[in-house]
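Here are my notes on this one, as numbered points. Have the model open while you read.

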Amino acid sequence: MFNVPEQLLAANKSYLETAMGITAATLQGAERLIDLQLAAAKTSLAENTSNAKALLAAKDAQEVIALQSVIAEPVFEKTLGFSRSLYEVASQTQAEITKLFEERAAEFNKVVVSALDKVVKTAPAGSDIAIAAVKSAMAAANSAYGTISKTAKQVTELTEAGVAAVTSQVSHAKKKAVRA
């Protein structure tokens, strides 16, 4: 026989650890986003102050126009870089949370299979069909989860490839525009 309360306590402890891990990953992601936004705000303030001073010091309209074109050029690149950084933080946080879920699902499956094996040993005759049905349902659920997980990873990879392609195209178009 096996002790159900001990298994329930172990499962609850495991779920609590998972919840704490997800909370920690989420908070770390939020902290990285806040740091990124704060750094961008500081940089933007410093650059805007410098640009305003330069524009105020301009002696004529030609100089103002020249300064405006020089000022506008790096803004696009910085915005693109900032967006890329935001996406990276979100992707990393999502990957950490997914990893925690996958680890917990694997652990849960081991516990259930182990419990079923113990039940089989003490189960009355004729319960083989019910246990086989439970194992079959678990296998189907694991297969579905695997398919969903694989699809989610493919969507993430496609999104990353799309972001990289758009970034490349925009940078290429910008370089062409600067040359023209």
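1. Let me start with Glu47. Glu47 is partly exposed, at a relative accessible area of 28%; here buried means under 20% relative accessible area, exposed over 50%, and partly exposed in between (1.4 Å probe, protein chains only). Its salt-bridge partner is Lys78, with the closest N and O atoms 2.1 Å apart. For that term the rule is a side-chain nitrogen of Lys or Arg within 4 Å of a carboxyl oxygen of Asp or Glu. Glu47 sits in helix H1 and Lys78 in helix H2, so this pair ties together parts that are 31 residues apart in sequence. Lys78 is partly exposed too, with a relative accessible area of 40%.

2. Before you read too much into any one atom pair, some ground rules. This is a predicted model, where local features need pLDDT of at least 70 and side-chain atom pairs count only at pLDDT 80 or more, while totals for chains, interfaces and linings use all residues. Residues are numbered from 1 along each chain as its sequence is written, and side-chain values use heavy atoms, with hydrogens and water left out.

3. How many salt bridges does the rule give? The count comes to two. Besides the pair above, Glu96 forms a salt bridge with Arg32, and their closest N and O atoms are 3.6 Å apart. This pair also links distant parts of the chain, with Glu96 in H2 (residues 61-122) and Arg32 in H1 (residues 4-57), 64 residues apart. Glu96 is partly exposed at 28% relative accessible area, and Arg32 counts as partly exposed at 28% as well.

4. Now the overall layout. The chain has three helices and zero strands, running α-α-α from the N terminus. Helices (H or I, at least four residues) and strands (E, at least two) are DSSP runs, numbered from the N terminus. Buried residues make up 13% of the 180 residues. Of the contacts with a separation of 6 or more, 78% are between residues 24 or more positions apart, a contact being heavy atoms within 4.5 Å.

5. Which H2 residues are buried? Among them are Ile71, Leu80, Val89, Ile97 and Leu100, but Ser91, Thr93 and Arg104 are on the list too.

6. Glu47 and Lys78 come back at the largest pocket. The pocket is lined by 13 residues, and Ser44, Glu47, Pro74, Val75 and Lys78 lie nearest its centre. H1 and H2 are the elements that give two or more residues to this lining, and H2 gives the most, with seven. The pocket holds about 310 Å³ of space. The lining divides into six nonpolar, five polar and two charged residues (Ala, Val, Leu, Ile, Met, Phe, Trp, Tyr, Cys and Pro count as nonpolar, Asp, Glu, Lys and Arg as charged, and the others, Gly among them, as polar). On a 1 Å grid over the protein atoms alone, a pocket is an open set of points where a 1.4 Å probe fits, with protein on both sides within 12 Å along at least five of seven lines, and lining residues have an atom within 4 Å of a point. Grid points are joined across faces, edges and corners, and the volume is the space filled by probe spheres set on the points.

7. Two alanines to finish. Ala40 lies in H1 and is partly exposed at 31%; its C-alpha is 8.9 Å from that of Lys78, 38 residues apart along the chain. Ala139 is in helix H3 (residues 128-179) and counts as partly exposed at 46%.
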